[in-house]
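Hi,

Here is the structure I promised to pass on. Have a look at it first, and my notes on the aromatic side chains follow below.

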Amino acid sequence: MASDGTVSGNSANSEGAELGRFLRARRTQTRPEHVGLTIGAGVRRTPGLRREELATLAGISIDYYVRLERGKETRPSPSVLDALARALHLDDQQHQHLRELAARAARYAPEPPPAPSRTVGPHLELLLESLRPNPAYVISRSMDMLAWNPGGLALYYGLEDRPVKQRNLARYLFLHPAARDLFHDWDRQITGCVARLRAMAGTAPDAPDLTNLVGELLLKSPDFAGLWERYEVTGRKPAQKTFHHPQVGMVTLTSQSLQVEGTPGRRIGVYTAEPGTPDHDAVLLLDMTAPRHDHTSTGVRSRAAHPETNP
């Protein structure tokens, strides 16, 4: 286990440690009264549930649960996982994450997987161009922005000032000075960001693109470190986001995320507004006034996406 809270190494023990870390985080954040336990008089030193309380609620031995939490037991049965999920009142996404961690703990990973390619094909660039004026981009599983249309980059005010290969939405949220002003609900945005990274990193703990990002943010952002320690996991859901944009004013957009087939976690992010509304007018203005830069992190402009360059 790495000192920064991530899991490294290629043994089943490292995977078991990640399973144990998730169980411990959920246990310490579960209040006894929320699971039907009566708290007696006196000082309670343990935050959340005690190990023996969770073991009793799940119907397993205390020794077995301790071995799970310490990463020494790596093959819990489906019934044990389901019992722990019920005892901890896990939601569907957390329950699925628990199953995925257990599946990884039960098998041996021979070597860390290579970092995914940053190359974006011309068909995706053409798709981004066709989505204009709606802001859109292609993002990696570690939240690197790999390709974008003009509004997709300009929406995150100040991101274009970063070197192309360092444009990352997680780094932007936690480290860029403009992010707190851009989002009126910055606290909620960073909470969701960490929960999504936790879900991804938990099932790919040796992936270098994820471990490098997490290690950097743990060192540079106390906000990130505090949220990372909570080990909350969630997927992406369609949602509305309000931006206080210095160039187009306040704009509320609906976000949608689309998985890119055949890639590990790569997706397309799109923001839309109802035509004829002030929000849509703001999107049009942003698209028209955004600087025209290279549309991919490799600096290559696709001829398919930019037919005006054809002879």
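**The aromatic cluster**

Tyr137, Tyr156, Tyr172, Phe183, Phe243 and Tyr271 come together as one aromatic cluster. Bear in mind that this is a predicted model. In total, the structure holds ten aromatic pairs.

I'd start with the pair of Tyr156 and Tyr172: it is edge-to-face, with 5.7 Å centre to centre and 90 degrees between the planes. Tyr156 sits in the loop between helix 7 (150–154) and helix 8 (169–175), while Tyr172 belongs to helix 8, so this pair ties together parts that are 16 residues apart in sequence. Both Tyr156 and Tyr172 are buried.

Tyr156 also pairs with Phe243. Their ring centres are 6.2 Å apart and their planes are at 90 degrees, so this pair is edge-to-face. Here the link spans 87 residues in sequence, because Tyr156 lies in the loop between helix 7 and helix 8 and Phe243 in strand 3 (residues 239–245).

How buried are these two? Tyr156 has 4% relative accessibility and therefore counts as buried. Phe243 has 0% relative accessibility, so Phe243 counts as buried too; the cut-off for buried is under 20%.

**Arginines over rings**

Two other spots to look at while you have the model open: Arg180 lies over the face of Trp186, at 3.7 Å from the ring centre. Arg198 lies over the face of Trp228, with 4.0 Å to the ring centre.

Cheers

Key:
Residues numbered from 1 in each chain as written. Predicted model: local features only at pLDDT ≥ 70, side-chain atom pairs only at ≥ 80, totals over all residues. Heavy atoms only, no water. Phe/Tyr/Trp six-rings, centres within 6.5 Å; stacked < 30°, edge-to-face > 60°. Helix = DSSP H or I, 4+ residues; strand = E, 2+ residues; numbered from the N terminus. Buried < 20%, exposed > 50% of the residue type's maximum accessible area, 1.4 Å probe, protein only. Lys NZ or Arg CZ within 6 Å of the ring centre and 35° of its normal.
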